[in-house]
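Visitor: I would like to learn how to read domains and contacts from a model. Please take them in turn.

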Amino acid sequence: MAQVSVSFTVNGREVTATVDPRTLLVHFLREELKLTGTHVGCDTSQCGACTVHLDGRPAKSCALLAVQLEGCAITTIEGVAGADGMHPMQSAFKEHHGLQCGFCTPGMVMMGIDIASRHDAPSEETIRSELEGNLCRCTGYHNIVRSIAAGAQSMRG
Amino acid sequence: MYVGQAIRRREDDRFLLGRGSYVEDITLDDPIAHAAFVRSPHAHAAVTRVDAARAAAMPGVLAVLTGEDWTRAGNGEAEGVWPVKDMSGADARTVNRPFICVDGTVRCVGEIVAMVVAEDRHQAQDAAEAIEVDYEEKPANTLTARALDADTPLVHPAHGTNEVLVTEHGLKEETEAALAKAHHVTEVVVPTNRVTAASIEPRCYMGHHDTVNDRYTVWTTNQAPHIVRRYFTKSLNIPEHKLRVIAPDVGGGFGMKLYHYPEEALVLWGAIVSGRPVRWVGTRSECLLGDTHARDHHTVGRMGFDAEGRILGVKFETLGAFGAYESQWNASITNAYHFTMLSLAYDIPAIHTTVRAVYTNATPVDAYRGAGRPETVYQVERLIENGAHEMGIDPLELRARNLIPPEKFPYQTAIGITYDSGDPPALVEKARALANYDALRAEQAALRAEGQWMGIGICAFFDMAGAGPVKMMNDLGAKIGCYDVASVRVHPDGRITVFAGSHSHGQGHETTWSQIAADRLGCNIEHIDLVEGDTDRVPMGIGTWGSRSLSTAGMAVYTAADRVVAKSKRMAAHMLECAPEDLDLADGEFTVKGTDRKLSFAAVANASYHSGDRPPDLEIGLEETSFFDPADCTYPSAVHLCVVLVDPETCAVTLRDYWAVDDVGTVINPMVLEGQVHGGLAQGIGQALMEECAYDPESGQYLAGTFMDYAVPHAEDVPSFGLDSHFTRALGNPLGAKGAGESGTIGAPACVCNGVIDALWHLGVRQVTQPMTPKKIWRAIEDAQRAQQ
């Protein structure tokens, strides 16, 4: 298959690559850039383990082709922590035991950051509703909801 | 003290920063080839032709392998970990799950017919699609309830029946007599739905053959890597000492990742044949189809009560699903892990059960969180619930009248198992208070007067966890020793590495095992590292399943650490010129009691390796190993209580409140404990209301192959949970720990379903099968109202 050239930024870094056009963004991130924090859990964009930020909004990287992203800015779980340590949302997940096996966690954190950016003090009801695109099988969501609420509060400062 | 504290998890940072290392994340120096599989599209068919010629010539293809190749290579057959004999004493009609179709017949959708190994995943998939397979379809049955009907097609015709084995347990005559003399007998058909664990990480395996050293390595999404190593001796005839099995970070297991799966054996075989490391990553569809399914018991139960609502006896007849083949542990699910717990938290004088395990043309069934006990609790509790309503006794009051009183512990159940400790009435009282039960009943009555349907669900149960001891589990059928292992290695600088035969795939062992070790060793938890999941680094292990790791591997850590303390005290006593008994070890220092003479643990560790000035009979080094065989199983107990609202317009169920009160014995980390209960509850709620591995009964086609079809609960489908606990000490291990991994999943299906029945009882509804979907509830109400007219 003819290869296609594409350029975008990932975690602030310029990336230019020549890819098979059927390459999914998630596979490009994981296999070409070795950013393996973004996971594939379902292939049909139900589980949200592959959630990244695309130009600042959450997107499921298993449902995007790498060649669609010319000029876009991608942020993955590897790109959210600051030089001085974890992002407040990451810290909140640790403090409130919002993760167990860790597989859905990157997607949950990426979604949590987005929820916090769009809701001033998200209620439990809001957080549960906003998580309609993310599945977790370990936590029963109880502590994920608490983590996102606390992370949102920390992000407000 | 670290034990008992909600220490934040030490493993979390790597997961939160995106640095977890799951099987799919691992890279090797050699380029990794990919496997893809050709799977049966039919529930039952003869495979009349497999033509791989076109596929073999496609770009990037390194190998195409079929059942004929498997047989020609001299590869072996699967073997059960927990086979059970028929009650007649004869061997069960066991047909183990094949790794690849070798006998020309496929017996369920998804059975593997051929494998392609290619340079990349797309090439492997393209080539797999180019393999031509001809099938002649045969009649099939996917329904467990129909498996023994006279006109049902046979899955394995050579046996002349779909029955695998029959087992009976309990007091047959006493139970019949109890039912005959009962004031009231309740009968309910209580089938449990077929579900699957659906861990968010798909199964994934990678195999590598080092031809220079003749060593093999498998990276696996597995909960018990040493058990995998044991069964590679059967599948590929690889001796245990030549195989390294690594289970790195694993994204949820829930029992489903416990087995030596077909793809695991095939991937290493592909690596041997192709001379390249080979990886397979399951698609979600492959996983929903090929991961073991669970539950799927078809049961009829009868329970007899006296006039005051005391249970006199209970009798069950069960058809227990095997699916198309015997998966490695399934015989234990329909037996040891099922019948043993039929008394739940109740003082029942007579219990009898007959289980007929059966084959159907469906995915093999095996353990999934709870494994046999969710079925047991659902069966018994649905009878109690209906009995209470039929007799006009408040459901919680009827249960209270039947609870095992604390003074009866250790309590021997009528089924023959002895619960070591517990206090069910205390659990019920805590649940009653937590839920404000009397107010809920008043609210229910008020809402019903307004035409709103509110129900209160209840269940109370014991769990059998912590498998061994070795002898007891052997007697129940296990072909593996149910102990566990830990080594505590003190380095010359006083820092410590703990090696454990358990495996953490969400449970947080890096934190909790370190809490145990740090307390025993009197050291800073930051000075401890944990190694699990690597058969070359950990001497032996039985793995994490059945809520067993704390009371076996955790106890091995405890015991090995105590041995290290005893040995280091001898060295320290020599250095401080005192007796070992005169020494205290705390905060990383030995202190001579009653003095200010001190010596650091690090100095003693260094001397243990590097000083010739030592007691003459004290061996060099500071490392101890414990193979811990517990004195007994553990018996955690719990009471669950919930509130459901059923919408009279749509029949949709809203789970408004859920409370659980658990007795898990000693708690190492209450934060981790609560997380375990939360997760289990959500899975149990999913079973009650949403999840089903559905097959089309006519064609045998699988209907739940994506997360659009298989309904894993979302955050909106479950409430926040209210938890409390009550402590009684486990007697079978010095920690006093009972285990907590399965309580939520075991109780929730019964509790939620009882809540729905409680909400609908006044409409005449007596049973709705799981999952209680709006459509089924609507139909049950329609049927009940029609029957009343």
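Guide: Begin with what a domain is here: its bounds come from an automatic or database domain assignment. The model itself is predicted. For chain A, the assignment gives domain 1 (4-79) and domain 2 (88-156).

Visitor: What separates the centres of domain 1 of chain A and domain 2 of chain A?

Guide: Taken over C-alpha atoms, the two centres are 21 Å apart.

Visitor: How many residues of domain 1 of chain A are in contact with domain 2 of chain A?

Guide: A contact needs C-beta atoms, placed from the backbone, within 7 Å of each other. By that criterion, 15 residues of domain 1 of chain A meet 11 residues of domain 2 of chain A.

Visitor: Which elements supply the side of domain 1 of chain A that touches domain 2 of chain A?

Guide: At least two residues each come from β3 (51-54) and β4 (57-60) of chain A. The largest share is that of β3(A), with 3 residues. By class, this side of domain 1 of chain A has 6 nonpolar, 8 polar and 1 charged residues.

Visitor: Now the chains. How many residues does the contact take from chain B and from chain A?

Guide: Chain B contributes 41 residues and chain A 44 residues. On the side of chain B that touches chain A, α1 (12-16) and α19 (670-689) of chain B are the elements giving two or more residues. Of these, α19(B) gives the most, with 6 residues.

Visitor: How does the side of chain B that touches chain A divide by class?

Guide: That side of chain B holds 17 nonpolar, 15 polar and 9 charged residues.

Key
Residues are numbered from 1 along each chain as its sequence is written. Chains are lettered from A and ligands numbered from 1 in the order in which they are written. This is a predicted model: local features need pLDDT of at least 70, side-chain atom pairs count only at pLDDT 80 or more; totals for chains, interfaces and linings use all residues. Two residues are in contact if their C-beta atoms, placed from the backbone, lie within 7 Å. Helices (H or I, at least four residues) and strands (E, at least two) are DSSP runs, numbered from the N terminus. Ala, Val, Leu, Ile, Met, Phe, Trp, Tyr, Cys and Pro count as nonpolar, Asp, Glu, Lys and Arg as charged, and the others, Gly among them, as polar.
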